[in-house]
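Hi,

Here is the structure I promised to send over.

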Amino acid sequence: MRGYRAPRAFDGERFLDGGALVLVEGSTIVGVEPGTAPAPEGCVVTDLPASTLLPGLIDTHVHLCGDGGPRALDQIPELDAAALDAVVTAAEQASLRAGVTAVRDLGDHRWTVLQRAGRDGERPTVVAAGPPITSPGGHCWSMGGETSGVQALRHAVRERAERGAGVVKVMASGGVLTPGTDLTACQFSLEELRAVVDEAHRLGLPVTAHAHGLAAVERGVAAGVDGIEHCSCLTGSGTHLPAELAAALAAGPVVCPTVGFLPGVDPPPHVQARMAAVGATVEQHLSHVAGLYRAGVSLLAGTDAGIGPVKPHGGVAYAVADLAGPCGVPLADALTAATARAARACGLGGRTGRLAAGYDADLLGTDGDVTTDVTALQRPRVVVARGREVPLG
Ligand SMILES: [Zn+2]
């Protein structure tokens, strides 16, 4: 048995008074004791003074096939299988080194990420969607998920279930990174989205919908999706959150607003130009997310990691800082968005995202006290993934 002791601890839902001594046996947490408790006989304890101990972070929106470079998504079709595999491996390792011990991949190229699902070794836990379902020529069409019509959409959902997907991702609107698509327009009819949701739920899979446009968010909610990605509520002249939609979101799907921007890095000029064309700015999105929180919407700290230099793999700590800063979310809730709530959204509730006996030994010990300095989350001192300590280099 091994132990990790810190004077501050967050268990996935709340801060624990007086920190914690987390006991690990193999790949599992076997006990969470008060920070001052004596270690059991024979237990080797790693002391983490001035540190906060948390569950490993979870990024609910990543693109492991994206290398985080300026052409991250554009270059994917040009890569051969070995090169793409190397990109995914590097993304997984960068995630682990940042304390991200589980990810939900929402933008596979063909089946690259899903096919690695059974692979062992030092990797984060990966829940994958396969190629996002999109309309012909629609957002991220080059990933291989172009489909339309109720019957073909139901078939696409079944194919993902058969290949081991843990979630279905559907592109309900156009996107910033696919020229020729309209951010404010819907890509599928309500009938089509309902077919996706119905087929997925029949197979026990949740559905999350990429939606920038207000109409696409409203249509996704009407179709009964389990999650909304981005949820920008763009109208062509900025963001708009009607009261009825806010109430429906608060009562319904969990929202991953993909905040978390690497400080000091601007999106590439062509991306900024496409955002400006619909009146979207990062600052406006952050204040829109603050409005979602005030309306009672459940938020996730997923980032869209991998799509470009402003979105590095492992960057979920920046999303927590955005939520707890400009978005006005209390720190404990912002941390829950990256731990326990994130685990539930990924279908990993009961397995990770908590400091509790019986959960996977996924741990992050920070260099500094997160309660007084949220940026301490960006400085891992110890990362444990399913019981194995990650070399931080
Ligand atoms: Zn994405």
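**Charges over rings**

The charged end of Lys 311 sits over the ring of Phe 261, at 3.9 Å from the ring centre. Arg 163 does likewise with Trp 111, its charged end lying over that ring 4.2 Å from the centre. For a charge to count as sitting over a ring, NZ of Lys or CZ of Arg has to be within 6 Å of the ring centre and within 35 degrees of the ring normal.

Before you go further, bear in mind that this is a predicted model, where local features need pLDDT of at least 70 and side-chain atom pairs count only at pLDDT 80 or more, while totals for chains, interfaces and linings use all residues. Residues are numbered from 1 along each chain as its sequence is written, and side-chain values use heavy atoms, with hydrogens and water left out.

**Helix H1**

Helices (H or I, at least four residues) and strands (E, at least two) are DSSP runs, numbered from the N terminus. H1 covers residues 81-97, and its 17 residues reach 24 Å from the first C-alpha to the last, close to the 24 Å expected at 1.5 Å a residue. That expected span is 1.5 Å times one less than the number of residues.

Which residues of H1 are buried? They are Leu 84, Val 87, Val 88, Ala 91, Glu 92, Ser 95 and Leu 96. By buried I mean under 20% relative accessible area, with exposed over 50% and partly exposed in between (1.4 Å probe, protein chains only). These buried residues of H1 pack against S9, H2, strand S10 (125-128) and strand S16 (380-385). After H1 comes Gly 99, with a positive phi near 90°.

**The loop between S9 and H2**

His 109 is in the loop that runs between strand S9 (100-105) and helix H2 (112-115). With a relative accessible area of 12%, His 109 is buried. Its side chain reaches the backbone oxygen of Ser 142 at 3.5 Å. That is a polar contact (a pair of N or O atoms within 3.5 Å; within protein, one must be able to donate a hydrogen and the other to accept it, and residues adjacent in sequence count only if both atoms are side-chain atoms). Setting aside neighbours within four places in sequence, His 109 is in contact with Cys 65, Ile 76, Pro 77, Leu 84, Ser 142 and Met 143; contact means heavy atoms within 4.5 Å.

Arg 110 is in this loop between S9 and H2 too. Arg 110 is partly exposed, at a relative accessible area of 46%, and its phi is positive, near 55°, in a residue other than glycine. Most residues other than glycine have a negative phi.

**Helix H3**

For H3 (residues 150-162), 13 residues at 1.5 Å each should span 18 Å, and the end C-alpha atoms are 19 Å apart, which agrees. Leu 153, Arg 154, Ala 156, Val 157 and Arg 160 are buried in H3. Looking down the axis of H3, these buried residues fall within an arc of 155°, so they line one face of the helix. The arc is that of the directions from the helix axis to the C-beta atoms. Turned away from the buried side of H3 are the exposed residues Gln 151 and Glu 162. What do the buried residues of H3 pack against? Strand S11 (168-171) and helix H4 (190-202). Gly 164 follows H3 and has a positive phi, near 95°.

**Pro 242 and helix H6**

Pro 242 is in the loop between strand S13 (227-234) and helix H6 (243-251), and is buried, with a relative accessible area of 11%. Beyond its neighbours within four places in sequence, Pro 242 is in contact with Leu 214 and Glu 218. Glu 218 is 24 residues away along the chain, and its C-alpha is separated from that of Pro 242 by 9.9 Å.

In H6 itself, Leu 245, Ala 246 and Leu 249 are buried. Down the axis of H6 they fall within an arc of 100°, so they line one face of the helix. Ala 243, Glu 244 and Ala 251 are exposed on the other side of H6. The buried residues of H6 pack against helix H5 (214-223), S13, S14 and helix H8 (282-294).

Cheers
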